[in-house]
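Thanks, everyone; please have the sequence and the model open while I talk.

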Amino acid sequence: MAEPFYSAGLQFECTQCHACCRHDPGFVFLGQRDLDRLSRRLGLSREDFVKKYTRWVDSDRGRILSLLEKKNFDCIFWDQGCQVYEDRPIQCSTYPFWKTPMKSEENWRWEGRFCPGIQKGPLHSREEIEQALAAREAQPAITFEEWEARA
Ligand code: SF4
Ligand code: SF4
């Protein structure tokens, strides 16, 4: 099999521009681990957390769980910075090493149009990138059916 384009690693360093947390509509999907950590952090039951901070959005897997946004499209947890940073969702902590940007060099360069940290700063190894991809894969967003079927 051909080596991935990132086999020699990729440069990335977050510039703290916060563009990925604010201003534009988007989704921050939550897996089981995200829901456990965030609800524990806020001292809420999982049910109360889902009611207060999330919405169900359509996807090819059916409706899946995502964080709410404010009216101005900032993430519900944005307030002069991420208010849940240590327990932020895997989707946030693994960016930009997501499946689509990692498909090709072209995709990676395209992602750089949205994130000024791409192609800057330290090199992240292939192993590190693949760990991020695996972490995300291991925690798919919770579906409405799974939520309804919980014990
Ligand atoms: S868009 Fe990129 S550089 Fe800006 S906050 Fe997000 S990860 Fe960091
Ligand atoms: S949870 Fe935190 S890191 Fe993730 S989008 Fe919201 S504010 Fe940004």
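This is a predicted model: local features need pLDDT of at least 70, side-chain atom pairs count only at pLDDT 80 or more; totals for chains, interfaces and linings use all residues.

F27 is partly exposed, because 15 other C-beta atoms lie within 10 Å of its own; the scale here calls a residue buried if 20 or more other C-beta atoms lie within 10 Å of its own, exposed if 12 or fewer, and partly exposed in between, with C-beta atoms placed from the backbone. F27 sits in the loop between β1 and α1, where helices (H or I, at least four residues) and strands (E, at least two) are DSSP runs, numbered from the N terminus. Leaving aside its neighbours within four places in sequence, F27 is in contact with V57 and S66, contact meaning that two C-beta atoms, placed from the backbone, lie within 7 Å. The C-alpha atoms of F27 and R55, which are 28 residues apart along the chain, are separated by 9.7 Å.

Residues are numbered from 1 along each chain as its sequence is written, and chains are lettered from A and ligands numbered from 1 in the order in which they are written.

Let me turn to the strands. Strand β2, residues 54–57, pairs with β3 in the antiparallel sense over 4 bridges, and two strands are said to pair if DSSP finds at least two bridges between them. Within this pairing T54 stands opposite L67, and W56 stands opposite L65. The hairpin has 6 residues between the strands, and G62 there takes a positive phi near 90 degrees. In β3, residues 64–67, I64 and S66 point one way while L65 and L67 point the other way, and all of them are buried.

A nonpolar core is here a set of buried Ala, Val, Leu, Ile, Met, Phe, Trp, Tyr and Cys residues joined through C-beta atoms within 7 Å. The largest has 13 residues, of which F29, L30, I64, L65, L67, A141 and I142 touch the most other members. Leaving aside its neighbours within four places in sequence, F29 is in contact with I64, L65, S66, Q91 and A141. Apart from this core lies another, of 7 residues, among them L10, F97, W108 and I129. As background, nonpolar side chains in soluble globular proteins tend to be buried together.

Now the ligands. Around ligand 1 we find C14, T15, Q16, C17, H18, A19, C20, Y95, C115, P116 and G117, a residue being near a molecule if its C-beta atom, placed from the backbone, lies within 6 Å of it. This shell divides into 7 nonpolar, 4 polar and no charged residues; Ala, Val, Leu, Ile, Met, Phe, Trp, Tyr, Cys and Pro count as nonpolar, Asp, Glu, Lys and Arg as charged, and the others, Gly among them, as polar. Around ligand 2 are C21, V28, C75, F77, W78, C82, V84, R88, P89 and C92, and by class this shell has 9 nonpolar, no polar and 1 charged residues.

Some backbone details deserve a careful look, given that most residues other than glycine have a negative phi, and most peptide bonds are trans. H18 has a positive phi of about 70 degrees although it is not a glycine, and H18 is found in the loop between β1, residues 10–12, and α1, residues 32–41. H23 lies in the loop between β1 and α1 as well, with a positive phi near 75 degrees. Is H23 buried or exposed? H23 is exposed, because 12 other C-beta atoms lie within 10 Å, whereas H18 is partly exposed, with 15. A cis peptide bond joins Y95 and P96, with omega about 5 degrees, and P96 lies in the loop between α3 (90–93) and α4 (105–111).

Finally, the whole protein. There are 6 helices and 4 strands, running β-α-α-β-β-α-α-β-α-α from the N terminus on. Of the 151 residues, 21% count as buried, and the C-alpha trace spans about 45 × 40 × 25 Å along its principal axes.
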